[in-house]
Amino acid sequence: MSTLRLLNTDIVACTQCTRLVAFRQAVAETKRRQFRDWTYWGKPIPGFGDPNARLYILGLAPAAHGGNRTGRVFTGDRSGDWLYEALHHFGFANQASSTHAQDGLTLTDCYIGATVRCAPPANKPTPDEFTACRPFVLRELQLLKSVRVVVVLGKIAFDHYLKATRELGHHLPAPLPKFGHGVIYTMPWGVTLIGSYHPSQQNTFTGKLTRPMFHRIFSEAGRRLSGTVIAN
């Protein structure tokens, strides 16, 4: 656990990507009117959850007024509302909401990371920024030794998870896994990979992703983890 804390300390201290540093700091200074009384986090976002987790969730990047404001991944935005509600429903979280870093939320058997740790302009990291941040995902995957199920939110994160595992020396199956909502792959190194649409407002407002669709992802994740309590 101390090693995981060291990783998160390194993440928070990172200033490698000039564009991302400038953007996250500018957002933290200008703020959004509804959050004008907040002191924004304005730094890279560390991973969050149970260091002994068997479920690992990989997202894309923090939201400018979500994680970049609160300092916790998927916290303070609509995507987080969907994610933590589902995690609570299936027994991975002690509460259904995540509003700020001191709100009492804890995760059980679950850890959440992101492919890029700083909020990017227009929610679109550049290829170089993905590459610069990948070592954090690699270290996370190496340190979370109990992971048996990986839920990846969105095609971009799905593809970057595959890149990360290749860099860790794993042999990917042929043909290469393809992203889709609800796809399930048993990877050669003993991990079950599950793809999900990202719970972004674009996907949830248009109905591309519904709550029953999203719940089925975590129902399946829980089913694959023997001993996890699954809600009806």
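Biologist: Hi! Which residues in α1 meet which in α5?

Modeller: On the α1 side they are Thr3, Leu4, Leu6, Leu7, Asp10 and Ile11, and they meet Phe136, Arg139, Glu140 and Leu143 in α5. Contact here means heavy atoms within 4.5 Å. Helices (H or I, at least four residues) and strands (E, at least two) are DSSP runs, numbered from the N terminus.

Biologist: And what should I know about the model and the numbering?

Modeller: This is a predicted model, in which local features need pLDDT of at least 70 and side-chain atom pairs count only at pLDDT 80 or more, while totals for chains, interfaces and linings use all residues. Residues are numbered from 1 along each chain as its sequence is written, and side-chain values use heavy atoms, with hydrogens and water left out.

Biologist: Thanks! Back to that helix pair: at what angle do α1 and α5 pack?

Modeller: Helix α1 (residues 2-13) packs with α5 at about 170°, and their axes are 10 Å apart. That makes α1 roughly antiparallel to α5. Angles under 35 degrees count as roughly parallel, over 145 as roughly antiparallel, 65 to 115 as roughly perpendicular and the rest as oblique. The axes are lines fitted to C-alpha atoms, for helices over the stretch in contact, and angles run from 0 to 180 degrees between N-to-C directions.

Biologist: How do the residues of that contact divide by class?

Modeller: There are 6 nonpolar, 1 polar and 3 charged residues in the contact of α1 with α5. Ala, Val, Leu, Ile, Met, Phe, Trp, Tyr, Cys and Pro count as nonpolar, Asp, Glu, Lys and Arg as charged, and the others, Gly among them, as polar.

Biologist: New topic, the sheet. What is the strand order?

Modeller: The order is β1-β3-β2-β4-β6-β5, an open sheet of 6 strands with mixed pairing. β1 (48-49) and β5 (184-186) stand at the edges with a single partner strand each, so one side of each has no neighbour in the sheet. Two strands pair if DSSP finds at least two bridges between them.

Biologist: In which sense do β4 and β6 pair?

Modeller: They pair in the parallel sense: β4 (residues 149-153) and β6 (residues 192-196) share 5 bridges. Val149 stands opposite Thr192 in β6. Helix α8 (residues 211-224) packs on this sheet and touches β2, β4, β5 and β6, with its direction at about 175° to that of β6.

Biologist: Which strands does α5 lie across?

Modeller: Helix α5 (residues 127-143) lies across β2 (55-59) and β3 (110-114), and runs at about 175° to β2.

Biologist: How many cavities of 30 Å³ or more turn up?

Modeller: A search of the whole structure gives 2. On a 1 Å grid over the protein atoms alone, a cavity is a set of points where a 1.4 Å probe fits but cannot get out, and a pocket is an open set with protein on both sides within 12 Å along at least five of seven lines; lining residues have an atom within 4 Å of a point. The largest cavity has about 100 Å³ of space, where a volume is the space filled by probe spheres set on the points, and grid points are joined across faces, edges and corners.

Biologist: Which residues are closest to the centre of that largest cavity?

Modeller: Of its 15 lining residues, those are Cys14, Cys17, Leu20, Cys118 and Cys133. The elements giving two or more residues to this lining are α2 (18-30) and α5.

Biologist: And what lines the second largest cavity?

Modeller: Leu58, Thr115, Phe130, Cys133, Arg134, Val137 and His160 do. The largest share, 4 residues, comes from α5, and the space is about 40 Å³.

Biologist: Which residues lie nearest the centre of the second largest pocket?

Modeller: Pro46, Gly47, Phe48, Gly71 and Arg72, out of 21 lining residues. The volume is about 470 Å³. Your opening helix is here again: α1 gives the most to this lining, with 3 residues.

Biologist: Last one: where is the cis peptide bond?

Modeller: Between Ala174 and Pro175, with omega about 0°. Pro175 sits in the loop between α6 (155-167) and β5. Have a look at Asp109 too: it has a positive phi of about 65° although it is not a glycine, and its place is in the loop between α4 (78-89) and β3.
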